[in-house]
Amino acid sequence: MIPSDKNPVLSRRLAGGHGIMPAVHRLTAMLCMLLMGICDTGIVFDRMAHAGACQRIVVTSDPDYPPISWRDKENPDKIIGVAVEIIETAFAETGVQVEAKYTGPWKRALLSVVNGHVDMISGLYENQERQLEMEFVYPAFMADPVSVFVITGKEFNFEKWSDLQGRKGAVRAGDSFGNEFDRFARKYLILESVNEFGQLYKMASADRIAYFIYGYYSGLAFAEKKGVRDHIKTLERPIVREPLFVAFSRHSSCVAHKKFLSEKIRELVNAGLVDELIVKYQNIWKEQVKKTRGSPAAPGGLETIRRMD
């Protein structure tokens with residue numbers, strides 16, 4: 001196979017490649033795939049996608065994970081947050097429409113992309129099961145620390161994963177914390193699954209569990225929203241710092257945009273956009289919390305969030 005960077009036909013991007021593909025380029029693509037067998041088919045399909053195979057992408061994300069993503073209080077059919085805007089920004093100049101859709105709780109959102117009900121999901125960790133079910137886009141757009149949350153005054157020493165053994169904990173249904181920790185948890189930990197942060201907090205408050213596992217920033221955001229920021233603590237060491245990815249449904253023709261999106265995510269991350277989006281959506285979340293509660297946000301609010309390389 002001739003590398004695309006040494007093939008003058010393949011290495012040249014189509015001028016105005018977001019409209020209808022000129023007949024000559026369409027013919028070139030077909031010949032490459034059917035006759036010559038020397039083309040980088042990823043690039044061919046990528047160009048075909050930009051030419052009209054996928055002009056609308058329906059993306060979903062976690063409805064309860066601010067500031068990364070959450071169900072918009074002002075438009076409940078929509079998901080907003082860092083994970084959504086990075087996709088919108090990537091496709092902003094392509095003519096491809098991005099629709100961010102609420103599809104239900106996190107577990108249902110994952111199923112919606114696996115089953116092909118939506119084209120893409122943004123802001124998820126990678127594990128073996130998901131690798132088989134979805135088409136991941138690399139690189140990740142940010143890293144997310146995952147912490148052990150406990151009720152204030154009920155802290156315990158946590159230096160390594162094995163310190164959780166023998167203690168009953170809980171997680172949110174559908175959550176994954178990377179292949180290695182997931183395997184450890186299945187083998188050694190006692191973990192219940194519930195639907196949302198509020199249930200986790202109530203179980204911990206009632207001593208039904210000793211701890212629960214949740215994303216650090218999102219956990220603090222929900223604690224602030226529920227006015228329990230002073231009643232909850234995170235143990236010092238995070239369990240993991242997991243990369244957050246975008247993944248396409250394998251049933252969607254929009255997977256043809258994978259190479260383009262990979263390049264754009266790398267470009268946007270290097271330009272510092274993620275840092276700006278995190279601060280932006282942290283502030284939007286705080287404002288929505290104020291409106292919901294009808295008063296200023298509780299003291300001890302969110303720390304400034306920085307992307308971790």
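Good morning. I begin with a polar contact of 2.4 Å, which joins the side chains of Arg-172 and Asp-62. The structure under discussion is a predicted model, and the values I quote are computed from it.

Where does Arg-172 sit in the secondary structure? Arg-172 belongs to strand E8, which covers residues 168-172. Is this arginine buried or exposed? Its relative accessible area is 2%; the cut-off for buried is under 20%, and Arg-172 is therefore classed as buried. As for its surroundings, I leave aside neighbours within four places in sequence. Arg-172 is then in contact with Asp-62, Asp-64, Tyr-65, Trp-106, Val-194, Asn-195, Glu-196, Leu-200 and Tyr-214.

I turn next to Ser-176. This serine is found in the loop that runs between E8 and helix H7, residues 179-188. Ser-176 has a relative accessible area of 5% and is therefore also buried. Which side chains make polar contacts with the side chain of Ser-176? One is that of Asn-127, at 2.8 Å. Another is that of Asp-182, at 2.5 Å. When residues up to four places away in sequence are not counted, Ser-176 touches Tyr-125, Asn-127, Arg-130 and Asp-182.

Helix H4, residues 82-90, packs with helix H10, residues 258-270, and their axes are 10 Å apart. The angle between H4 and H10 is about 110 degrees. Angles of 65 to 115 degrees count as roughly perpendicular, and H4 and H10 are therefore described in that way. The crossing of these helices, H4 and H10, is right-handed. Which residues make the contact? H4 contributes Ile-86, Ile-87, Thr-89 and Ala-90, while H10 contributes Phe-260, Leu-261, Lys-264 and Leu-268. By class, the residues of the contact between H4 and H10 are six nonpolar, one polar and one charged.

Finally, I place these sites within the protein as a whole. The secondary structure comprises 11 helices and 12 strands. Of the 309 residues in the protein, 50% are buried, and both Arg-172 and Ser-176 are buried residues. Considering contacts between residues at least 6 apart in sequence, 72% join residues at least 24 apart. Thank you for your attention.

Definitions and conventions: Residues numbered from 1 in each chain as written. Predicted model: local features only at pLDDT ≥ 70, side-chain atom pairs only at ≥ 80, totals over all residues. Heavy atoms only, no water. Axes fitted to C-alpha atoms, helices over the stretch in contact; angles between N-to-C directions. Helix = DSSP H or I, 4+ residues; strand = E, 2+ residues; numbered from the N terminus. Parallel < 35°, antiparallel > 145°, perpendicular 65-115°, else oblique. Left-handed = near helix turned anticlockwise from the far one by under 90°. Contact = heavy atoms within 4.5 Å. Nonpolar A, V, L, I, M, F, W, Y, C, P; charged D, E, K, R; others polar. Buried < 20%, exposed > 50% of the residue type's maximum accessible area, 1.4 Å probe, protein only. Polar contact = N/O pair within 3.5 Å; in protein donor to acceptor, adjacent residues only side chain to side chain.
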